[in-house]
Amino acid sequence: MTSLADIRSTFLNYYGRQDHEVVASSPLVPRNDPTLMFTNSGMVQFKNLFTGLENRDYQRATSAQKCVRAGGKHNDLDNVGYTARHHTFFEMLGNFSFGDYFKDDAIAFAWELLTRDFGLNKDKLLVTVYHTDDEAAEIWKKVGGFGDDRIIRIPTDDNFWRMGPTGPCGPCTEIFYDHGDHIWGGPPGSAEEDGDRFIEIWNLVFMQNEQFEDGTMRPLDMQSIDTGMGLERIGALLQGKHDNYDTDLMRALIEASAHATSSDPDGPGKVHHRVIADHLRATSFLIAEGVLPSNEGRGYVLRRIMRRAMRHAHQLGAADPLMHRLVPALVQEMGAAYPELGQGKALIEETLKNEEVRFRQTLDRGLKLLDDELAQLPDDADLPGETAFKLYDTYGFPLDLTQDALREKGRVVNTDGFDSAMAAQKAKARAAWSGSGEQADASVWFDIADKSGTTDFLGYETLNAEGQI
Ligand code: ATP
Ligand code: MG
Ligand code: MG
Ligand code: MG
């Protein structure tokens with residue numbers, strides 16, 4: 001069986017042979033972009049090369065980049081456990097041209113790698129192009145021998161990439177694999193495209209324009225290429241699987257979770273194991289980089305992912321903290337490619353354990369409160385926002401955790417109610433602050449800091465201009 005490690009090196013070696021500099025993954029906490037929460041694509045570390053702000057002694061690069069998509073424009077938290085293809089942490093394989101080769105070579109390289117080196121069946125592949133990008137369509141006909149029926153023209157922003165509100169932008173072409181009509185889903189652009197029958201494996205971006213503040217767009221002097229392919233997705237294909245979670249690596253983590261909870265990996269707790277396996281990776285990689293759980297910014301995203309996983313562990317009946325016990329399995333699977341995991345093992349285990357010990361003090365009671373509230377509501381009623389707020393404020397349930405818990409029961413939170421309860425709480429804290437005289441009580445201050453920290457984070461999440469594929 002082709003392991004994910006083999007696929008990673010086949011990819012990097014292929015582009016290395018095409019004169020690409022093999023560049024190591026950059027950290028998940030971006031060094032060059034304070035507006036971005038986490039690195040969410042391979043191009044992030046190369047942003048300044050695309051804009052021409054920076055030059056290096058190479059014009060072609062390739063990388064396997066650690067990515068997290070659990071906030072901001074790309075938030076896959078809610079997909080995890082439910083789709084076959086999404087993780088919060090994943091690796092993106094990419095090749096990049098900074099003003100060097102363009103569409104012809106980018107498509108030809110991708111095609112050769114997929115169909116020759118990886119041996120994918122051409123008849124199962126189809127592509128999308130931006131509706132006006134005749135050039136890309138022509139290249140696909142020539143290179144891949146595609147007819148018009150397998151080149152889908154998409155008029156939406158799904159096939160038009162932008163680095164941000166201004167700056168480099170351009171059309172993209174995406175390569176999809178058809179897993180067959182026994183799986184629900186339709187081709188890209190159709191009403192059923194969110195299904196998992198047609199799985200997007202690779203996105204090739206053609207940076208050919210620059211967007212200006214006044215709304216105009218002009219052709220770039222320096223045309224560039226930015227591509228991204230999910231390692232776990234190509235891995236599933238090459239291992240003859242449909243689902244990313246059936247690849248060797250994810251399966252080992254799922255089995256570790258099943259073993260530690262004495263449960264069946266494919267039984268009724270299947271979704272829990274998938275979420276735990278995914279969140280174990282995301283949280284461990286973040287902690288290995290020194291991100292620690294907190295109530296604001298990156299630390300709060302980490303806390304949300306951790307606590308979410310911990311509720312799933314609780315649902316499996318885990319009597320003791322679970323997550324830290326799975327770290328050795330992760331180090332075993334990924335430590336060779338990512339030495340920071342082995343180096344950070346003790347810190348990761350300790351951080352996961354402390355958080356789980358702490359959260360378990362309120363988790364049980366919070367879930368009981370949730371069940372009691374639901375029992376009193378009509379079957380189709382939304383959970384009142386005040387209840388979700390109480391769970392957040394008193395029991396430490398991030399809103400998305402409550403939403404995740406309700407999803408299993410087909411229920412949702414009244415988020416407007418949640419927002420107004422949060423606003424009322426902040427107003428109260430402010431009043432307490434101004435009324436407390438010169439010697440303010442420190443606990444009030446920390447309370448305000450905690451709450452506004454969380455709110456800042458929500459704003460931050462929506463305001464950032466992300467560079468992503
Ligand atoms: P999708 O439509 O399936 O959510 P996307 O269009 O958001 O994917 P891109 O932003 O184009 O993905 O990222 C480039 C590639 O990275 C994708 O083609 C896919 O192979 C991979 N990828 C994206 N998001 C994820 C994820 N959450 N988990 C695993 N792989 C991913
Ligand atoms: Mg997506
Ligand atoms: Mg997509
Ligand atoms: Mg895409």
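1. Strands here are DSSP runs of E with at least two residues, numbered from the N terminus. The model is predicted. Strand S3 (89–97), S8 and strand S9 (217–230) each supply at least two residues of the shell around ligand 1. S8 gives the most, with 4 residues.

2. The shell around ligand 1 holds 18 residues, and the closest are Asp76, Arg85, His86, Glu200 and Gly230. By class, this shell has 6 nonpolar, 6 polar and 6 charged residues.

3. Oxygen atoms of ligand 1 take part in several polar contacts. One lies 2.8 Å from an N or O atom in the side chain of Arg85, and a polar side-chain atom of Glu200 is 2.8 Å from an oxygen atom of the ligand. For Ile201 the contact involves a backbone N or O atom, 3.0 Å from an oxygen atom of ligand 1. On its own, ligand 1 has 590 Å² of accessible area, of which the protein covers 90%.

4. The magnesium ion (ligand 4) has Glu174 (OE) and Glu200 (OE) as its protein donors, at 1.9 to 2.2 Å. Glu174 lies in strand S7 (residues 167–178) and Glu200 in strand S8 (residues 198–211), so the pair ties together parts that are 26 residues apart in sequence.

5. Glu200 also bridges two metals: the magnesium ion (ligand 4) and the magnesium ion (ligand 3) lie 3.2 Å apart.

6. Glu174 counts as buried because its relative accessibility is 8%, under the 20% limit. Glu200, at 24% relative accessibility, counts as partly exposed.

Notes:
Residues are numbered from 1 along each chain as its sequence is written. Chains are lettered from A and ligands numbered from 1 in the order in which they are written. This is a predicted model: local features need pLDDT of at least 70, side-chain atom pairs count only at pLDDT 80 or more; totals for chains, interfaces and linings use all residues. Side-chain values use heavy atoms; hydrogens and water are left out. Donors are N, O and S atoms within 2.8 Å of the metal (3.2 Å for Na, K and Ca); water is not among the atoms, so sites may look incomplete. Buried means under 20% relative accessible area, exposed over 50%, partly exposed in between (1.4 Å probe, protein chains only). A residue is near a molecule or strand if one of its heavy atoms lies within 4 Å of it. A polar contact is a pair of N or O atoms within 3.5 Å; within protein, one must be able to donate a hydrogen and the other to accept it, and residues adjacent in sequence count only if both atoms are side-chain atoms. Accessible areas come from the Shrake-Rupley method with a 1.4 Å probe; for residues, only the protein chains shown count as cover. Ala, Val, Leu, Ile, Met, Phe, Trp, Tyr, Cys and Pro count as nonpolar, Asp, Glu, Lys and Arg as charged, and the others, Gly among them, as polar.
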